[in-house]
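Keep the 3D view open and follow the points in order.

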Amino acid sequence: MQSTFDHQQLENRFKNVCPDVDFCSLRFVREKTEHLSVRQDIVQPIGNTTDSGAMITVLHQGGTGYASTSDLSTQGLKDAIEKAKGWALLSSGRAVTNFSEIAMPHPMAQYRNPVQTPWHSTTLSDKLDYLREASSSLKIGEAIVDWSASLMRVDTESLYLTSGGGCVHQQLHHLMPGLTVVANRGTDTQRRTFVDHCQQGGLELLEAIQYKEQAQKLGAEAIQLLDAPNCPNDRMDLLLEPDQMLLQIHESIGHPLELDRILGDERNYAGTSFVTPDMFGTYQYGSDLLNISFDPTHEQELASYQYDDDGAQAEKVMIIENGILKHPLGGVISQNRGNRQGTSSTRASSWNRPPIDRMANLNLEPGTQTREDLIGGVEKGILMSTNLSWSIDDSRNKFQFSCEMGHIIENGEIKQMVKNPSYRGISATFWRNLKGVADASSRKFLGTPYCGKGEPNQVIRVGHASPICLFSDIAVFGGES
């Protein structure tokens with residue numbers, strides 16, 4: 001993708017109006033989104049949006065201030081800087097820390113994620129024909145009452161400038177495919193989805209994830225679920241596919257480890273965390289098989305970048321190693337507030353929001369056993385796939401998750417399909433029951449564009465990679481007979 005704006009002109013304007021303050025930054029973001037979908041074989045209205053503007057951040061006399069603007073003229077930037085400076089002076093002496101003592105980075109870099117088959121290498125007509133074919137593959141019988149296939153691409157271009165001469169230009173291309181099919185008979189409705197295979201890159205992703213092959217499989221599974229018995233109520237081994245591990249990692253590791261949450265910032269909105277600052281370095285978060293990395297450097301994962309929105313360089317950091325909690329998810333400012341090493345994880349959802357601590361790519365590292373090894377070692381258990389719903393308390397500890405599909409495992413073999421499979425647990429102990437992690441052959445790089453946090457709310461993209469994992473002695477349950 002060629003740059004769609006004159007970043008040299010914007011850089012010159014910023015230099016001309018940059019104020020005499022302790023620190024000032026400009027973060028420009030332009031995002032183009034196109035959404036194509038075919039529902040019940042009918043092409044839906046095509047969505048096209050372009051959103052652009054700039055956020056000004058000022059640190060001065062110990063305070064901090066923000067102001068966003070879509071007016072990128074010299075006067076527009078000057079007005080926004082004056083507002084941000086005014087807020088910084090108002091917060092001086094009243095803030096949770098002395099922001100002027102924080103050493104903000106001033107990086108210089110350019111980055112563009114690799115794309116093999118660009119979005120515009122095929123026509124709109126070809127892409128809609130592709131979706132029509134996928135959509136029709138979902139409708140395999142009369143019991144299928146709703147079905148849809150979709151593609152969303154998001155091209156994000158950003159320019160980060162600082163009063164110390166920093167300049168980072170990044171161009172990121174995201175592809176988010178989706179498939180949904182719903183089957184119904186009487187009062188029973190079951191669904192299968194394929195929506196979490198979002199990554200950075202181009203249309204080459206569709207072949208890599210076998211998009212059309214998934215469409216052919218999902219319809220059959222939705223009908224099979226109508227005839228399946230309910231998941232039993234019992235305690236047993238639980239094997240989770242990567243598309244459920246995504247949510248397990250996200251809710252019971254990612255959110256509890258956000259440093260601003262641990263410091264109390266989210267307490268009145270999205271809740272706090274059961275994790276406290278004294279736990280880092282010693283707390284047994286999981287069994288010794290649990291290894292969690294924060295890694296925004298993976299080229300194709302959904303939340304990858306070279307620098308975060310406060311200019312910190314991306315790097316892979318082990319958050320949990322051999323089960324021991326090592327580091328929180330906190331960017332430059334939270335690290336200073338908490339006096340603790342964190343990650344390059346300060347991000348904003350767009351140009352009109354200030355950056356806060358977010359997950360980016362949070363991955364469970366592969367183990368040494370094969371998928372077949374894990375299944376073969378289960379005497380009595382259940383395999384669950386694809387999240388259906390979730391509930392977790394405001395400290396991100398006690399949870400209850402439901403999946404779209406389950407399979408009973410007996411004496412090392414997968415048996416019948418069951419519907420409405422659910423399980424519950426407590427984050428602080430659930431991960432200590434991790435007794436098997438498959439090798440990289442079952443690992444999938446997944447992601448979602450819909451992680452919400454902050455006031456005002458910021459919905460942002462996150463990536464989670466995981467192999468299939470086995471947990472012991474878990475309470476599972478299903479629907480009513």
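**Points to look at**

1. Let us begin with a loop. Arg396 sits in the loop that runs between β17 and β18 (398-410). Please keep in mind throughout that this is a predicted model. The phi angle of Arg396 is near 60°, a positive value in a residue other than glycine. Is Arg396 buried or exposed? Arg396 counts as buried, because its relative accessibility is 12% and the cut-off for buried is under 20%.

2. You will find Asp41 in the loop between β1 and β2 (42-43). Its phi is near 70°, again a positive value in a residue other than glycine. Asp41 has a relative accessible area of 36%, so it is partly exposed.

3. Another backbone detail is worth a look. The peptide bond that joins Glu455 and Pro456 is cis, with omega at about -5°. Pro456 belongs to the loop between β22 and β23 (458-466).

4. Next, turn to Glu365, in the loop between β16 (362-364) and α9 (371-376). Is this charged residue buried or exposed? With a relative accessibility of 16%, Glu365 counts as buried. What does its side chain meet? The side chain of Glu365 makes a polar contact with the side chain of Ser293, at 2.6 Å. Leaving aside residues up to four places away in sequence, Glu365 touches Asn291, Ser293, Lys316, Met318, Val437 and Arg443. For a sense of scale, Glu365 and Glu133 are 36 Å apart in space, C-alpha to C-alpha, and 232 residues apart in sequence.

5. In soluble globular proteins, nonpolar side chains tend to be buried together. Here the largest nonpolar core has 53 residues, and Tyr285, Tyr423 and Trp431 are those with the most contacts inside it. A second, separate core has 27 residues, including Trp119, Ala134, Leu203 and Ile223.

6. The largest pocket has a volume of about 700 Å³. Its lining is made of 33 residues, and those nearest its centre are Val195, Asp196, Thr448, Pro449 and Tyr450. Elements that each supply at least two lining residues include β8 (188-194), α6 (242-254) and β22 (444-453). By class, the lining has 14 nonpolar, 13 polar and six charged residues.

7. The largest share, three residues, comes from β6. Among the lining residues of this cavity are Arg27, Tyr160, Gln170 and Asp308. The lining divides into four nonpolar, two polar and three charged residues.

Technical notes. Residues are numbered from 1 along each chain as its sequence is written. This is a predicted model: local features need pLDDT of at least 70, side-chain atom pairs count only at pLDDT 80 or more; totals for chains, interfaces and linings use all residues. Side-chain values use heavy atoms; hydrogens and water are left out. A nonpolar core is a set of buried Ala, Val, Leu, Ile, Met, Phe, Trp, Tyr and Cys residues joined through side-chain atoms within 4.5 Å. Buried means under 20% relative accessible area, exposed over 50%, partly exposed in between (1.4 Å probe, protein chains only). On a 1 Å grid over the protein atoms alone, a cavity is a set of points where a 1.4 Å probe fits but cannot get out, and a pocket is an open set with protein on both sides within 12 Å along at least five of seven lines; lining residues have an atom within 4 Å of a point. Helices (H or I, at least four residues) and strands (E, at least two) are DSSP runs, numbered from the N terminus. Ala, Val, Leu, Ile, Met, Phe, Trp, Tyr, Cys and Pro count as nonpolar, Asp, Glu, Lys and Arg as charged, and the others, Gly among them, as polar. Grid points are joined across faces, edges and corners, and a volume is the space filled by probe spheres set on the points. Contact means heavy atoms within 4.5 Å. A polar contact is a pair of N or O atoms within 3.5 Å; within protein, one must be able to donate a hydrogen and the other to accept it, and residues adjacent in sequence count only if both atoms are side-chain atoms.
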